[in-house]
Each structure stands twice: as C-alpha cells, then as structure tokens.
Amino acid sequence: MAFPWNDVTWVLLDMDGTLLDKHFDDYFWETLVPEEYARRQGLDLALARDLVFARYQREEGTLNWTDIDFWSRELELDIPALKEGIRHLIEVHPDTEDFLKFLRLKEKRVALVTNAHYKTLSLKMNHTGLLGYFDEVISSFDLGNPKEDIRFWEILHDRLGFDPRHALLVDDNADALASARSFGIKYPYFKAKSSSRQDAESHPEFPSIESFYELTE
Ligand SMILES: [Mg+2]
C-alpha cells in the first residue's frame, strides 16, 4: 500500500543511522575511542573496551550519551578532535538525498530531530551539505531532553506548532519512536537499515523500512 502522503504535513527525521550511515558512529565509539583510551591510560585494549563500554551503558538514554564534552571529561580524551580526524568517514545513506528532494517537491515541512550534540551536528551538516533540505534543525540539547523522553516532543510541539496527527517520524531508535507515539505522532516509522555494515533489522512494534524508497514508490 502506498504511504498516505496527503495525510502528512510534517516530516521529522533522525540523523545518525536514519539519514547518515551509522557505521561512522559505531566505528568511532566502539573502535577508535577504546583504542585511544587504551593508549592514553596504558591499558590492554580488551580491558579498555570493557571499561569504556560499561561507562557508555550507564549513560544510555540520557543527554550525556551523545554529549561529546561529557565524554571528553569522562574519558580524558579530546572527543571533538578525534571525530574531526575521521570526518572523511561520514557517509550519507544512498537513499537519503532522493528522499529529501521528494519531500521538497511534495512541499512538506521537514525537520531534522537528533540527539546529537550540536558540535557533532555541525560537523556532520558541514561535511554532508544536507542542511539546506531542512526547515528546522533541532538538537535535543536545545530542548533539554533526549528524544526518548516525551518532554522532547512536547517542547518540540511548542516550538514548531506541528500537528502530531499529521506527522511522520523516521528513526532507527525504537525508544524515541515509542515516546513520539505516546505523544501522538501518527506515523512512527523504524529505519531498519541503519549501518552499511550491518543487516537490516525490522522492529516488531513499528512499521519498518529498509530504504526511503519504500515510502516514495
Ligand atoms: Mg539514529
């Protein structure tokens, strides 16, 4: 069945994993940061990974999770500089630009909604050149709550004045989709193919798409 575009005014899009290849973030946090941490602390890599991963786990679902200044302090590493050093690895998913052009053509209001820290956000927007496709760019740091918290959607609603009954959200984070659905967003869609290096994994609770072409064809 074709997607009901006539019923949608606002399109809310997550960045990492949804529009951009999550491989960059996975490589950064799972490989590069533990390596640098091991080097800095003079630790064995396996031990460094365990320590770093345990710290990640503690912060999951909070604003600290994506706060690169927090991680710089926590791990005593210059996280923004490390990211900058691998910026050439930032990739846009192959279906993204066609979809953003499609939304322009359909005259939808388009907002980027991300938990990414504003430094990460600006690095990625500068590198990919996607900024011009969005009417609004919202980082959860501006709103004081991550997308997993219903407050994010309440404050976003106050800011943008969108009607959740006519809004589509595409995200690869099921917890963010769940809180958006609780708020009343009618079309919460799961992006099942978030990394070029991993198989697509659909979600049992939400309509899942591997590619944006499934919404436009
Ligand atoms: Mg994401």
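**Figure 1. Surroundings of Ile 209 in the predicted model.** Not counting residues up to four places away in sequence, Ile 209 touches Tyr 189, Lys 191, Ala 192, Glu 214 and Leu 215; two residues are in contact if their C-beta atoms, placed from the backbone, lie within 7 Å. Ile 209 is found in strand β6, residues 208-209; helices (H or I, at least four residues) and strands (E, at least two) are DSSP runs, numbered from the N terminus. Ile 209 is buried because 20 other C-beta atoms lie within 10 Å. A residue is buried if 20 or more other C-beta atoms lie within 10 Å of its own, exposed if 12 or fewer, and partly exposed in between, with C-beta atoms placed from the backbone. Residues are numbered from 1 along each chain as its sequence is written. The model is predicted: local features need pLDDT of at least 70, side-chain atom pairs count only at pLDDT 80 or more, and totals for chains, interfaces and linings use all residues.

**Figure 2. Surroundings of Phe 24.** Phe 24 belongs to helix α1, which covers residues 23-41. With 22 other C-beta atoms within 10 Å, Phe 24 is buried. Leaving aside neighbours within four places in sequence, Phe 24 is in contact with Leu 89, Ile 90 and Glu 91. Trp 71 is 47 residues from Phe 24 along the chain, and their C-alpha atoms are separated by 17 Å.

**Figure 3. Packing of helices α1 and α2.** Helix α2 comprises residues 45-59, and α1 packs against α2 at an angle of about 120 degrees, with the axes 8 Å apart. Axes are lines fitted to C-alpha atoms, for helices over the stretch in contact, and angles run from 0 to 180 degrees between N-to-C directions. From α1, the contact is made by Trp 29, Val 33, Pro 34, Glu 35, Tyr 37, Ala 38 and Gln 41; from α2, by Leu 45, Ala 48, Arg 49, Val 52 and Tyr 56.

**Figure 4. The protein as a whole.** The protein contains ten helices and six strands. Its radius of gyration is 18 Å, close to the 17 Å given by the globule rule for 217 residues, so the protein is as compact as a globular protein of that length. This radius is taken over C-alpha atoms, and the rule is 2.2 Å times the number of residues to the power 0.38. Of the 217 residues, 37% count as buried.
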